[in-house]
Amino acid sequence: MTYKTKGVCASHIEFEVDDAHKIHNVRFIGGCSGNTQGVASLVEGMDADEVISRLKGIKCGFKNTSCPDQLSIALEQVLNK
């Protein structure tokens, strides 16, 4: 899936969620490279619900969202389909 982000430096997030709701191949396009690579590596193979619960609501500086928060929003959209 490709999710177009809102309110962050990354322009979009690419990722896959398998039938067991495990997350794979997360890739942030743009944003803080080290941070987004770290998040992508940490969530690899994790359950989508667990990732949502850990990342939802994280803010970046004065922004109301962050790249991790945007990933949680994208995952919620996938799971609610």
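Residues are numbered from 1 along each chain as its sequence is written, and side-chain values use heavy atoms, with hydrogens and water left out. Because the model is predicted, local features need pLDDT of at least 70 and side-chain atom pairs count only at pLDDT 80 or more, while totals for chains, interfaces and linings use all residues.

Helix 2 covers residues 48–55, and helix 3 covers residues 67–79. Helices are DSSP runs (H or I, at least four residues) and strands are E runs of at least two, numbered from the N terminus. The angle between helix 2 and helix 3 is about 140°, and their axes lie 9 Å apart. Axes are lines fitted to C-alpha atoms, for helices over the stretch in contact, and angles run from 0 to 180 degrees between N-to-C directions. The crossing is left-handed. That term applies if the near helix is turned anticlockwise from the far one by less than a right angle; clockwise gives right-handed.

Which residues of helix 2 meet helix 3? They are Ala48, Asp49, Val51, Ile52 and Leu55. Their partners in helix 3 include Pro68, Leu71, Leu75 and Leu79. Contact means heavy atoms within 4.5 Å. By class, this contact has eight nonpolar, one polar and three charged residues. Here Ala, Val, Leu, Ile, Met, Phe, Trp, Tyr, Cys and Pro count as nonpolar, Asp, Glu, Lys and Arg as charged, and the others, Gly among them, as polar.

**The largest pocket**

The largest pocket has a volume of about 150 Å³. A pocket is found on a 1 Å grid over the protein atoms alone: it is an open set of points where a 1.4 Å probe fits, with protein on both sides within 12 Å along at least five of seven lines, and lining residues have an atom within 4 Å of a point. Grid points are joined across faces, edges and corners, and the volume is the space filled by probe spheres set on the points.

The lining includes Val8, Cys32, Val39, Lys63 and Pro68. It divides into seven nonpolar, four polar and one charged residue. Helix 1 (33–43) and helix 3 each supply at least two lining residues. The largest share, three residues, comes from helix 1.

**Single residues**

The table gives relative accessible areas. Buried means under 20%, exposed over 50%, and partly exposed in between (1.4 Å probe, protein chains only).

| Residue | Relative accessible area | Class |
|---|---|---|
| Gln70 | 4% | buried |
| Pro68 | 15% | buried |
| Val8 | 16% | buried |
| His21 | 35% | partly exposed |
| Asn25 | 46% | partly exposed |

Val8 lies in the loop between strand 1 (2–4) and strand 2 (12–17). Leaving out residues up to four places away in sequence, Val8 touches Lys63, Thr65, Ser66, Cys67 and Gln70. Gln70 is in helix 3. With neighbours within four places set aside, its contacts include Tyr3, Thr5, Val8 and Ile13.

Pro68 also belongs to helix 3. Beyond four places in sequence, Pro68 is in contact with Val39, Leu55 and Ile58.

His21, in the loop between strand 2 and strand 3 (23–29), has a positive phi near 65°. Asn25 is in strand 3, and its phi is about 55°, positive although Asn25 is not a glycine.
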